[in-house]
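Subject: Handing over the structure

Hi,

Here is the structure I promised to pass on. Have a look at it first, then read my notes below.

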Amino acid sequence: MAVTVAERTVLQFSPTLTAKVHPLVIFNICDCYVRRPDQTKRVIGTLLGSVLPDGTVDIRNSYAVPHNENSEEVALDIEYHHNMLISQQKVNPKEVIVGWYSTGLGVTGCSVLIHEFYSREVPNPVHLIVDTGFSNGEGAIKAYVSSNLSLSLGELKQEVRPAGDHQLTLAAQFQEIPLDLRMVEAERVGFDILKKTMTDKLPTDLEGMEASMERLLALIDDVYKYVDDVDEGRVAADNSVGRFLWDAVESLPKLSPAVFDKLVNDSLQDNMLLLYLSSITRTQLTLAEKLNTAAQVL
């Protein structure tokens with residue numbers, strides 16, 4: 001959950017804490033990783049967002065922070081971090097620091113030091129890790145929160161307390177929390193390409209639409225199979241799933257097959273017209289560039 005103290009958002013540690021990240025954040029992180037200096041092994045940065053009424057940490061934006069690190073220490077450009085934060089809040093004052101990110105496969109020793117810095121910026125920050133090295137064949141995305149394994153001097157017993165609690169800290173423990181990555185279909189097409197280790201070419205609009213329709217048909221087949229299994233008694237009925245399917249069916253407009261086909265064909269024709277116009281524009285720009293180059297040579 002979150003509380004506001006002196007106009008400052010405080011993330012309170014909870015074992016049921018969840019996070020939701022927008023695709024823009026993942027794209028920004030991957031872009032910063034591609035543009036990193038040659039000697040830099042990973043990139044780190046600040047996560048911006050807010051806390052929803054149900055306590056979910058909503059991560060909506062990010063920016064990279066220059067740093068230098070080795071096996072024993074890490075140095076952050078704190079002045080750059082604060083200047084970027086001021087600039088970001090001028091654009092969207094509602095976005096506050098909710099954590100930080102890093103690229104790589106997991107938590108390292110320097111991650112504890114960086115997390116300690118962000119714990120001073122916002123209590124109990126979320127640590128987002130994006131595996132840009134595709135160690136397992138695809139880019140894994142995980143979120144963590146840290147808790148301090150501390151020792152009570154009075155009773156000499158170990159306790160797990162939230163990060164930032166003033167105790168005799170023995171170690172920091174990173175615990176993975178549920179992470180929800182939601183996106184619209186257009187963003188999913190790009191994200192699916194981003195997860196692949198290599199691709200021959202970017203899909204066209206029609207290829208992206210075809211992939212989306214194939215995914216939709218597969219989901220409809222799964223729903224048909226589930227309903228048949230429930231109807232024949234092979235699977236126990238789930239009221240929550242039934243209500244969800246009912247809401248999905250009720251949200252569909254009541255159209256006859258002929259009207260639905262006409263709407264699909266009209267939309268497809270509009271897309272084809274846009275592709276045709278964009279191709280003409282691209283050709284004209286290419287010809288104008290070649291003519292301009294030839295004129296300068298002459």
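Let me start with a definition: patches are made of residues with over 30% relative accessible area and no salt bridge, where like charges are joined within 9 Å and nonpolar side chains (Val, Leu, Ile, Met, Phe, Trp, Tyr) within 5 Å. The accessible areas come from the Shrake-Rupley method with a 1.4 Å probe, and for residues only the protein chains shown count as cover. A salt bridge is a side-chain nitrogen of Lys or Arg within 4 Å of a carboxyl oxygen of Asp or Glu.

Please keep in mind that this is a predicted model: local features need pLDDT of at least 70, side-chain atom pairs count only at pLDDT 80 or more, and totals for chains, interfaces and linings use all residues. Residues are numbered from 1 along each chain as its sequence is written, and side-chain values use heavy atoms, with hydrogens and water left out.

**The nonpolar patch**

Leu-206, Met-209, Met-213, Leu-216, Leu-217, Ile-220, Tyr-224, Leu-268 and Met-272 make a nonpolar surface patch of about 810 Å². Helix 5 (205-231) and helix 7 (257-297) each supply at least two of the patch residues; helices (H or I, at least four residues) and strands (E, at least two) are DSSP runs, numbered from the N terminus. Which helix gives the most to the patch? That's helix 5, with seven residues.

Take Met-209, which lies in helix 5. With a relative accessible area of 35%, Met-209 is partly exposed (buried means under 20%, exposed over 50%, partly exposed in between, with a 1.4 Å probe and protein chains only). Met-209 and Leu-268 are 59 residues apart along the chain, and their C-alpha atoms are separated by 10.0 Å.

**Salt bridges**

Side chains of opposite charge can pair when their charged atoms come close. By the salt-bridge rule, the count here is eight. One of them pairs Glu-69 with Arg-42, with the closest N and O atoms 2.8 Å apart. This pair links distant parts of the chain: Glu-69 is in strand 6 (residues 67-69), while Arg-42 sits 27 residues away in the loop between helix 1 (23-34) and strand 4 (44-51). Glu-69 is partly exposed, at 32%, whereas Arg-42 is buried, at 8%.

Now look at Arg-234, which counts as exposed at 53% relative accessibility. The side chain of Arg-234 meets that of Asp-229 in a salt bridge (2.5 Å, N to O), and also that of Glu-232 (2.1 Å, N to O). Salt bridges that share partners join Lys-225, Asp-229, Glu-232 and Arg-234 into one network. Is Asp-229 buried or exposed? Asp-229 is buried, because its relative accessible area is 10%.

**A few other spots**

Ala-19, in strand 3 (residues 19-21), is buried with a relative accessible area of 2%. Ala-19 and Thr-56 are 37 residues apart in sequence but 5.3 Å apart in space, C-alpha to C-alpha.

Asn-124 has a positive phi of about 55 degrees, although it is not a glycine. You'll find Asn-124 in the loop between helix 3 and strand 9 (126-130), and it is buried at 10%.

Finally, Ala-237 belongs to the loop between helix 5 and helix 6 (239-251) and is exposed, at 62%. Ala-237 and Tyr-226 are eleven residues apart in sequence and 9.4 Å apart in space, C-alpha to C-alpha.

Cheers
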